[in-house]
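Thanks for coming. I will go through one model today and keep to a handful of local features. Please have a look at the sequence and the structure first.

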Amino acid sequence: MMSNGIEKPAKQIENDSMGNDVYPSSSSSSSALDSPLMKLSSYFLAVRPWSLSVSLIPTLLGSVLAYRLTGLAGFSWISLILTVLIVLCVHGAGNVVNTYFDYVKGVDSRISDDRILVDHLLSKDELVSLGAFLYAAGCLGFVLLTVVSPAKMEHLALVYFGGLSSSFLYTGGIGLKYIALGDVLILVIFGPISVVFAFMAQTGYIEFGTIYYAIPLALNTEAILHSNNTRDMENDKRAGIVTLAILIGHTLSHILYAFLLFAPYIILIVVALKYSIYWFLLPVVFTVAIPFRLEREFRNPHKIQDVPKQTARLNISLGILYVVACLLEGSLPYL
C-alpha cells in the first residue's frame, strides 16, 4: 500500500557503553511524545487515512450500482454505513500490517515516507494492538451486517474473509508484496472485491456485471502502487524484496504506468459512445489532462518522487466523478 509521504526529522543516534543505539530525548520532547494527544495522532497516522479513499470509492460504487437496480425503497442506509465501516477498518488494518512488516523486513528506513516505526512514534507492540483492534472492529461490523443484509451469511463471509485475508497477506504471512504478487492483489481488492461486497450487502446476491464497473477504478489504483514501487525500486532491491517494477525494469514500468493511467479513460469513452451513456464522459472531461502531466513526470527522475501522491489525488477525482456518473446515468449496461 501507499506510504504517507510525511517526512519527519530523524533523531540523533548515540551509542551507550554496550554499543547499542540510544535515542536521547529531553524532558520536553519525551513528554510531548508521551502525551495522549500525540499518541492518538500517531495511531491516526498509522492507519494512513489519506489512502482509505481507494477502498471507500469502490464501496460507494457498488452501493450506487445496487441503488440503481433496487431503487430507494430497497436501499438500506444501515447496510451502507456498516459496509463502509467494515471496508475502512480492514483497509486500515492492512495498512498497519504493511507498516509493521516493511519495518521488520528492513524495507522502511530513514529515507522512507512511512515514519511510524522508523521514528518510534509507536512501538511494534502498539502497532500490533492497533491492527488487531481494527480487524476486530471490522469483524464486529460484519456480524452486524449479516443481521441487516438480505445476503446469505456464507456468501458475505466468503467475500469478506477473502478481502480480510488478502489485506494481511499483502505483506504479512507469505508477503505477496515481496514476491511480485502485490500488484495482482491490489487489482483484485480495490476493484472487484470491494464493489461486489458492497453490492451484495444491499441486494443479497452477486451480479458479475458489477465487475466491469470496477475495472477503471482498479486500474487507476494499481497505477498508484506501481508508481510507488518504481520510485522505490533501488531501495526495494537493497532490502532484498522483489516487485513487479524490479522484474520488468524502468522502460517497461513506464509503459505499464502509462497503460494503467490511460486505460480507464479509453474504457469510459468507448462505453459512453457505444451505449450512448454520455454521463460516463464526465470524469474524462474534468480529469483527462492530469494523466498526460503525470506520465511526463513519471519519466523524470527528479519529479517521480511526487508521482504516487499525485496519482492518488487523480484516483479520488476520477473515482468520485465516476460514481456520480453511474448515479445519474439513465441506463447502465451489463446490469
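Is L327 buried, partly exposed or exposed? With a relative accessible area of 39%, L327 is partly exposed. Before going further: this is a predicted model.

L327 sits in helix α13, which covers residues 307-328. On the surface, L327 belongs to a nonpolar patch together with W279, I316, I320, V324 and L328.

Next, a helix pair. Helix α8 runs over residues 210-231 and helix α10 over residues 244-275, and their axes come within 9 Å and cross at roughly 150°. That angle makes α8 roughly antiparallel to α10, since the cut-off for that label is over 145 degrees. As for handedness, α8 passes α10 in a left-handed crossing.

Now the charged pairs. Side chains of opposite charge can pair when their charged atoms come close. How many salt bridges are there, counting a side-chain nitrogen of Lys or Arg within 4 Å of a carboxyl oxygen of Asp or Glu? The count comes to seven salt bridges.

D102 lies in helix α4, residues 77-104, while K177 is in the loop between α6 (153-169) and α7 (182-203), so the pair ties together parts that are 75 residues apart in sequence. Both ends can be classed by accessibility. D102 is buried, at a relative accessible area of 5%, and K177 counts as buried at 9%.

Another salt bridge is between R115 and D119, where the closest N and O atoms are 3.2 Å apart. R115 has a relative accessible area of 1% and is buried. D119 counts as buried too, at 2% relative accessibility.

R231, at 15% relative accessibility, counts as buried, whereas D232, at 21%, counts as partly exposed.

Back to helix α4 for a moment, where I81 is also placed. Is I81 buried or exposed? I81 counts as exposed, at 58% relative accessibility. For those who like distances, I81 and L145 are 64 residues apart in sequence, and their C-alpha atoms are 9.4 Å apart in space.

Last topic, backbone torsions. Most residues other than glycine have a negative phi. Which value does phi of R48 take? Phi of R48 is near 55°, a positive value in a residue other than glycine. R48 is found in the loop between α2 (36-46) and α3 (53-70), and at 2% relative accessibility R48 counts as buried.

H120 is another case: its phi is near 55°, again positive in a residue other than glycine. H120 is in the loop between α4 and α5, the latter being residues 124-148. At 38% relative accessibility, H120 counts as partly exposed.

To recap the torsions, R48 is buried and H120 is partly exposed. That is what I have; questions are welcome.

Notes
Residues numbered from 1 in each chain as written. Predicted model: local features only at pLDDT ≥ 70, side-chain atom pairs only at ≥ 80, totals over all residues. Heavy atoms only, no water. Patch = residues over 30% accessible without salt bridge, like charges linked within 9 Å, V, L, I, M, F, W, Y side chains within 5 Å. Areas by Shrake-Rupley, 256 points an atom, 1.4 Å probe, with all protein chains shown as cover. Helix = DSSP H or I, 4+ residues; strand = E, 2+ residues; numbered from the N terminus. Buried < 20%, exposed > 50% of the residue type's maximum accessible area, 1.4 Å probe, protein only. Axes fitted to C-alpha atoms, helices over the stretch in contact; angles between N-to-C directions. Parallel < 35°, antiparallel > 145°, perpendicular 65-115°, else oblique. Left-handed = near helix turned anticlockwise from the far one by under 90°.
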